[in-house]
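Q: Please walk me through reading this model, one feature at a time.

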Amino acid sequence: MLLELDPLYILLIAIIVFLSSYLLISYLRESSTQKKEEKGKIVTVKKCLSCNYVLNKPYDKGEYVGRVGEKCPKCGGEMMVTAIYLETPPQPQEAIS
Ligand SMILES: [Zn+2]
């Protein structure tokens with residue numbers, strides 16, 4: 001009976017196990033970061049022209065930078081859209097590099 005375990009055979013199994021787990025982890029990590037990116041939301045930054053009150057709100061259809069017309073919740077003055085950007089949750093640096 002040949003029941004001696006070849007060190008090369010053990011090494012091969014170890015490499016296969018390592019590689020498959022590594023692929024699984026990287027796949028899971030990738031899918032989770034993709035989900036996070038999908039959750040990124042568009043934010044509209046509005047600034048009051050009277051009291052400089054800044055308001056961050058979820059983007060609404062039809063909004064654009066420079067749009068005015070909304071009332072400031074603080075002083076009732078006119079608010080202007082100063083920026084619209086996509087807010088992405090902070091991602092671990094190791095996943096990018
Ligand atoms: Zn104001």
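**Reading the fold**

A: The chain holds 2 helices and 4 strands. Helices (H or I, at least four residues) and strands (E, at least two) are DSSP runs, numbered from the N terminus. This is a predicted model: local features need pLDDT of at least 70, side-chain atom pairs count only at pLDDT 80 or more, and totals for chains, interfaces and linings use all residues. Residues are numbered from 1 along each chain as its sequence is written.

Q: In what order do the elements of the chain run from the N terminus on?

A: The order is α-β-β-β-β-α.

Q: Which strands pair with β1?

A: Two strands pair if DSSP finds at least two bridges between them. β1 (residues 41-48) pairs with β4 (residues 78-87) in the antiparallel sense over 8 bridges. There, I42 has L86 as its bridge partner. β1 also pairs with β2 (residues 54-58), antiparallel, over 5 bridges. T44 stands opposite K57 in β2. β1 and β2 form a hairpin with 5 residues between them. In that turn, N52 has a positive phi of about 60 degrees.

Q: Why does A83 count as exposed?

A: A residue is buried if 20 or more other C-beta atoms lie within 10 Å of its own, exposed if 12 or fewer, and partly exposed in between; C-beta atoms are placed from the backbone. A83 counts as exposed because it has 12 C-beta neighbours inside 10 Å. A83 sits in strand β4. Across the chain, 4% of the 97 residues are buried.

Q: Leaving aside neighbours within four places in sequence, what is A83 in contact with?

A: Contact means that two C-beta atoms, placed from the backbone, lie within 7 Å. Beyond those sequence neighbours, A83 contacts V45 and V65.
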